[in-house]
Protein chains: 4
Amino acid sequence: MYPRDPFLADKLNEECGVFGIFDQDGLAVEEITYYGLYALQHRGQESAGIAVADGHTIRYHKGRGLVPEVFDEDTLDTLKGGKIAIGHVRYPTCGDTSLYNAQPLVIKYKKGFLALAHNGNLVNANALRTELEEAGAVFQTSVDSEVIANLIARHIDEGLETAIQNTMSKLRGAYALLLMTEDKLIAVRDLYGMRPLALGRIGHSYVVASESCAFDAVDAEFIRDVKPGEIIIISQDGLRSIQTPVPLKSGLCVFEFIYFARTDSTIDGVSVYTARKEAGKILAAEHPADADLVIGVPDSGTTAALGYAEASGIPFGEGLIKNRYVGRTFIKPSQAIREQGVRIKLNALRKIVKGKRIVMIDDSIVRGTTSKKIVEMLRLAGAREVHMRISSPPVRFPCYFGIDTPTKEHLIGARYSVEEICRIIGADSLGYLSIEGLLKTVEGSGCDFCLGCFSGEYPIAVEGKAE
Amino acid sequence: MYPRDPFLADKLNEECGVFGIFDQDGLAVEEITYYGLYALQHRGQESAGIAVADGHTIRYHKGRGLVPEVFDEDTLDTLKGGKIAIGHVRYPTCGDTSLYNAQPLVIKYKKGFLALAHNGNLVNANALRTELEEAGAVFQTSVDSEVIANLIARHIDEGLETAIQNTMSKLRGAYALLLMTEDKLIAVRDLYGMRPLALGRIGHSYVVASESCAFDAVDAEFIRDVKPGEIIIISQDGLRSIQTPVPLKSGLCVFEFIYFARTDSTIDGVSVYTARKEAGKILAAEHPADADLVIGVPDSGTTAALGYAEASGIPFGEGLIKNRYVGRTFIKPSQAIREQGVRIKLNALRKIVKGKRIVMIDDSIVRGTTSKKIVEMLRLAGAREVHMRISSPPVRFPCYFGIDTPTKEHLIGARYSVEEICRIIGADSLGYLSIEGLLKTVEGSGCDFCLGCFSGEYPIAVEGKAE
Amino acid sequence: MYPRDPFLADKLNEECGVFGIFDQDGLAVEEITYYGLYALQHRGQESAGIAVADGHTIRYHKGRGLVPEVFDEDTLDTLKGGKIAIGHVRYPTCGDTSLYNAQPLVIKYKKGFLALAHNGNLVNANALRTELEEAGAVFQTSVDSEVIANLIARHIDEGLETAIQNTMSKLRGAYALLLMTEDKLIAVRDLYGMRPLALGRIGHSYVVASESCAFDAVDAEFIRDVKPGEIIIISQDGLRSIQTPVPLKSGLCVFEFIYFARTDSTIDGVSVYTARKEAGKILAAEHPADADLVIGVPDSGTTAALGYAEASGIPFGEGLIKNRYVGRTFIKPSQAIREQGVRIKLNALRKIVKGKRIVMIDDSIVRGTTSKKIVEMLRLAGAREVHMRISSPPVRFPCYFGIDTPTKEHLIGARYSVEEICRIIGADSLGYLSIEGLLKTVEGSGCDFCLGCFSGEYPIAVEGKAE
Amino acid sequence: MYPRDPFLADKLNEECGVFGIFDQDGLAVEEITYYGLYALQHRGQESAGIAVADGHTIRYHKGRGLVPEVFDEDTLDTLKGGKIAIGHVRYPTCGDTSLYNAQPLVIKYKKGFLALAHNGNLVNANALRTELEEAGAVFQTSVDSEVIANLIARHIDEGLETAIQNTMSKLRGAYALLLMTEDKLIAVRDLYGMRPLALGRIGHSYVVASESCAFDAVDAEFIRDVKPGEIIIISQDGLRSIQTPVPLKSGLCVFEFIYFARTDSTIDGVSVYTARKEAGKILAAEHPADADLVIGVPDSGTTAALGYAEASGIPFGEGLIKNRYVGRTFIKPSQAIREQGVRIKLNALRKIVKGKRIVMIDDSIVRGTTSKKIVEMLRLAGAREVHMRISSPPVRFPCYFGIDTPTKEHLIGARYSVEEICRIIGADSLGYLSIEGLLKTVEGSGCDFCLGCFSGEYPIAVEGKAE
């Protein structure tokens, strides 16, 4: 399969989104999970799955594709009658697109059934696999959920809660994790709170989701974020929280605010919208430009562009138009077509950019290939100058916690200076938001942040960190 | 199949888009047509088709779905080796979604093969069918192209050009029409120029398309619009134009500027972007509001909202966020979910609308159901006041020229006054752009406009016009 | 798509099967037609279609594949509520596998709707097409039904019955034809009765079908065969027959008895089973063999083998076993696999053939490639001698009436003598049934037979008959 | 999904077929496995899978459907380049049709990769699962292969061969098992040899398969059967055999000869064809009939019918014709159609049965529903008498070793005497082959047989054997 978006695939990519519900109001849990996952679709388009528990057993369906492609009325019908549900959307890392890696993972173990949905990445997964294999475990997938399931199964004699705590003490890395037994829904967030996870309510029923936008989609009320190191257990008896010991500083992935999360979500107390708009404003202060028009690369650059425009007084306009129709597959353009410079996904609005000095805002530069194309497109459309502004610092280091980063030789920020990048992409000037500026955009959250991809300093030591 | 967009289907809908190419440079005509159609996908998502001619015969492939769903590398391979191609994307009217109505229509007649791709609607199609049936014709589809093909076949002894002219003299209604023989590409626009059609060039090869955005997609250069009543014949000998006699006033569909066309297209000399932005500005003058924030209903209301903001001085912001993932199918929400008020496609950005007096710009109100939901959503998100502004006049009459309009009882503008509509949708105030204001947005085009859906006055008499 | 049966495709192939019903008992006509077509599946596996009439309009569904692949409960649902139905299964000639050639063909003409399902082939189709094109007709398919529909439409002012008669007077060739209007079912058989067509009854409802086995499938009672040149009109008023003038001698395709028809059908008074068994008996008399065992090439050679065994006194046995699972597609075997002599479809039963002198009965030899493989397979399995006996005369001439015959250079009987063929396929002896013997197998039918593929003498003159 | 064969599903059903190859000749192992599995398709139609090893890793593809439906040229391409392959076709027991239960099962464990394909059923699977779960194992499927994989993984420190032996010592039940590591192919047969497994050769390459017909399909030479309790290890160093200790008496499933295996296979020294023919002969002696014609229920009853005819001197004939086209799905017949007595799969040949006293041979009666229908069909076709003869004893007990038997209340032989069954199915007389007769048909094999479904006595004690 050719990538969905061959001409704009130049982004860091998220691994997953999770959603769960424990019903106390007679709700159709499978349908609510469907809509919840649909709202989280931006977090993963490779596969989707839903598992439901009805007190006795767990049923599930998963498949490759978007949520509305994987589920239809017939498949949802097979999931009816449940009281609890968890769901998962997945972005594949490492070219691993096997159906067998779709989640939730459902296992049968000593105590019955267990379903797991995981967002994040363990840095010691291989070590844990080896350890488990030494003890006789066999693996059928390459997902971390299978490691976690095996660990829980091996600690289960101590009871489920203790088993989870003991498992957490072995896991190093990022995880926003949903577990479901026949009669319980359990939400766990890693000790650093690296991946977001929020708790909400529909009537007397609890919901959990990677982002608050999923709550809005199903008309749930946001209660609070799950805390780093927290285990929330929801059963017929209500909700119970166990707080495991956590390090002094947490490490929420700051890229959630820059690009991953949906603009209408609020994560750990900070509105994604506000953070992005603020980034634009600070960027205007850090890298002003003498220009006629501010434009954003749709869709992710728009909010920061509005902020830049507001702060700089330069008018905002729509200079780039995006084709909204993205089918599951796309033919691979022939060489001729590629050279011809086809503008399939984005088109510059000649009328508005012609003769203008343009400030163009994008959220990040990963490989630089798309940026180069957009600058060219604007010049062809008559832009007099193109000043590129990036609402985040240069991405210079890989992520070890579940974000798909290209290797260093393809990471333009790792190889070149800002001046060089500016020359490579052909802009008249280039300015990145500083790390300090970035941190100001998320001020007011109670938490600390992982800035690893910018600074190379990670909250958790990463062995064998490649240079 | 459930509609693609169950919660936002409250729009007037276009019937089709067409694209054609006559190659003189060794281009892959089927691939270029694929990308051209993809750029016109917004004009029709029900079916797509491409026919190619190679001097001897015509091959074709068509099917239901989006362009990237209908065509893959295998099907495009079966179309390789052509010199001419025409393509079509279709929006179905009247619930008629049969594959047999997909276009291009390819026929074999006395002189060989003929392929047709048609955007528009004939108002005398039934009379022409009856006349042809009286003369022995049989029909296999319900598309106008089949009527046109039969007329041409019956006039062909006079030669193709004369046959086309004689056919045009019988057709009453809107048509932007592409014809392809084994060795010719012919573009025809109806006498009033009701549907757009433009001519462009890639090197020495000519292209034609419903909108100029398709030219940008394939890196073609815009030459000019096809004129009302013009026949353009492209063959190995080059391009020839025949201008048939036309009425004094033309009648381009003004809704192309309001909603149908893509923002980055220019039609008959007017930039769609400029028209939309201008509409917002005039709207600000006609219906000012005492407010804190201007927002647009994405995606179509955004440009006008920027115009309103600019003219009024009220800041623009993103108050509504749209889910970008639309699969081909979608489960039909259960009653419970519907009542619960699910926000599947749009979500209000609480952070930005809370406590504010909002001016919300949309391009049109058709049934009013969506407008009502959005107003509610904004209020739930904390908006203090919601002032709705519509960048076109009230739609009060049906279209007979190919636009899918609901019956009068579902057309809110036909049944209620502006005050009543305001009450129904629950807004604090409601203002529509005046017809005069609308005409100002497209000033500078050389043409006249059809305003039938607003005024009930159509360029062409429509018999049996229901009241 | 690779052929369904890559290793046994060495047969003459039928073009189509038709089925129709006019309900007077409240039957589900679409479901009965589904089962009727399924019983006729051996007559065509390329596409299937059903059209139903309900007094007002005609609905239809057709597609590529086997009957159970084309129709499911959803598609049959869309055909519910009809009173009349006609259906068609199709075998494609000339590599033409386009969906657009699937039948029934449904047209709209002067008098309303008309559906047609045709089995057979017109020899003057091209001339008729040209004539119709001269008169302005346009064609969208390459099927004869479209020609017939156009002819009827052009004669319709004389009334439907006269139009059909006038149309028949123009058609030269083979046709078993079903027509359906909104309220009538009409069955027509060509003047020579070349293709079979039978009339039956379920309660007060009439059914028509290519073969009587379809009646058994739906528990219908056989009434009689439709006569050459007969038009049967079934309406609310009952059944009416019009006998058009016919030539002195009819010409039923004798290959129906040899291979095409199902063993359990009776055609024009002769049981297919009896004819095949008789062929085996006569073959034993004409070409005795000194052997230990008679075997048949499954499935078509089995009945004749039983006849040969009975007449010769040599025991019958199962010497060849067939794999019953044929999927829609099959990978194309690599060269290595082909050379290795894979036995995918047929396997020789070593246990039974080893050391024996075998008489192997097949119904016909077309290209000879399969016969050669089977002889080799038997020898490898230890057969001492292989005496091939064919229950029909050598196929030496093409069929112009709807049967797919290879060109002369691939028709082994056209190029080589029996002795040469024997040598080519590697048999110890080879004997074909004589034409006289063949005619004895169908004695007792009231009709005459087309023996064209054996004798080169056709009931109808074929212009441009290639030599 | 509705069963493939709704009107003839009245059979005991096999669970699986396996095929494996270790290449030493540069063969395309994935393609040979495809054809091998295709020859074993009768052993399982629910899902198919192939795994290949290339010395370093294991790749696999599996899916639901027939072999040619699951694999196409693209999927086989992804398996190219292997040196070893194993494949599996599956018949689902217990309504368990999940894709996740398709085989081969591929796992990663301490020593690398392991693929397993299993035919049979363990009677202590639940106990072993519980034991493994107690030790911390988690399960993702319900197939026995997963239990076996876990056991091997837990014993692996002793080396693979010892691990397999230790695992075998824990397994109770039937298994013909193929294992594949990165560089070894291992074939294992249970201690009683309950399921068949044979060894063959193509050049210097070894193949293993459930039945010898798969060897014929790929032009392999049969070497010998794998022995009960034997482990065959094939590696670069050649073939090595380990014979584990076995009980005094073996217990090959005798139903392989009655119905499961293909007629052209030879199992443990006995030709399936010979056994079936012999069964017919003995049946003629045990239950003679005064009749005019012997017919077999196709396809499985034919061979025994030929034996009965030969021994009794009553002529054999084809009295029942089967529709050869079975699509993957089939509409569920409406009640009306069911009552009408549709003859969709089988049809009686009136011509041959009319007025005759018929002996009808079938291989077994399970529920009796189909037998009843066939008797009725023959009477309606004019049979004077119908004497049913069954080429096996009454099935009166469930199978615990992998054969899908209905519960006792649906097992007609468990509830009724032969006389009662005769009355229920409406035959004039009914005779079953005796157990002694049955054993005579397989005389000459070196092995003993499981007759559990006839006698209730199983080679292996079955705890909790329901009564």
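This is a short tour of a predicted model, stop by stop.

**Stop 1: where the chains meet**

Show chains A and B together. Here 53 residues of chain A are in contact with 53 residues of chain B. Now select helix 1 (29–39) of chain A, which supplies five residues, the largest share of the side of chain A that touches chain B. Other helices of chain A supply at least two residues each, among them helix 9 (272–286) and helix 10 (302–312). Colour that side by residue type: 24 are nonpolar, 15 polar and 14 charged.

**Stop 2: helix 13 of chain A**

Select residues 369–380 of chain A. This helix has 12 residues and reaches 17 Å from its first C-alpha to its last, close to the 16 Å expected. Highlight T370(A), S371(A), I374(A), V375(A), M377(A) and L378(A), which are buried. After the helix comes G382(A), with a positive phi near 105 degrees.

**Stop 3**

Zoom in on C253(A), in strand 14 (residues 252–253) of chain A. C253(A) is buried, with 28 other C-beta atoms within 10 Å. Its contacts include M194(A), F401(A) and C450(A).

Finish on C450(A), in strand 23 (residues 449–450) of chain A. C450(A) is buried too, with 26 other C-beta atoms within 10 Å. Among its contacts are M194(A), C253(A) and Y458(A).

Conventions:
Residues are numbered from 1 along each chain as its sequence is written. Chains are lettered from A and ligands numbered from 1 in the order in which they are written. This is a predicted model: local features need pLDDT of at least 70, side-chain atom pairs count only at pLDDT 80 or more; totals for chains, interfaces and linings use all residues. Two residues are in contact if their C-beta atoms, placed from the backbone, lie within 7 Å. Helices (H or I, at least four residues) and strands (E, at least two) are DSSP runs, numbered from the N terminus. Ala, Val, Leu, Ile, Met, Phe, Trp, Tyr, Cys and Pro count as nonpolar, Asp, Glu, Lys and Arg as charged, and the others, Gly among them, as polar. The expected span of a helix is 1.5 Å times one less than its number of residues. A residue is buried if 20 or more other C-beta atoms lie within 10 Å of its own, exposed if 12 or fewer, and partly exposed in between; C-beta atoms are placed from the backbone. Lists of a residue's contacts leave out its neighbours within four places in sequence.
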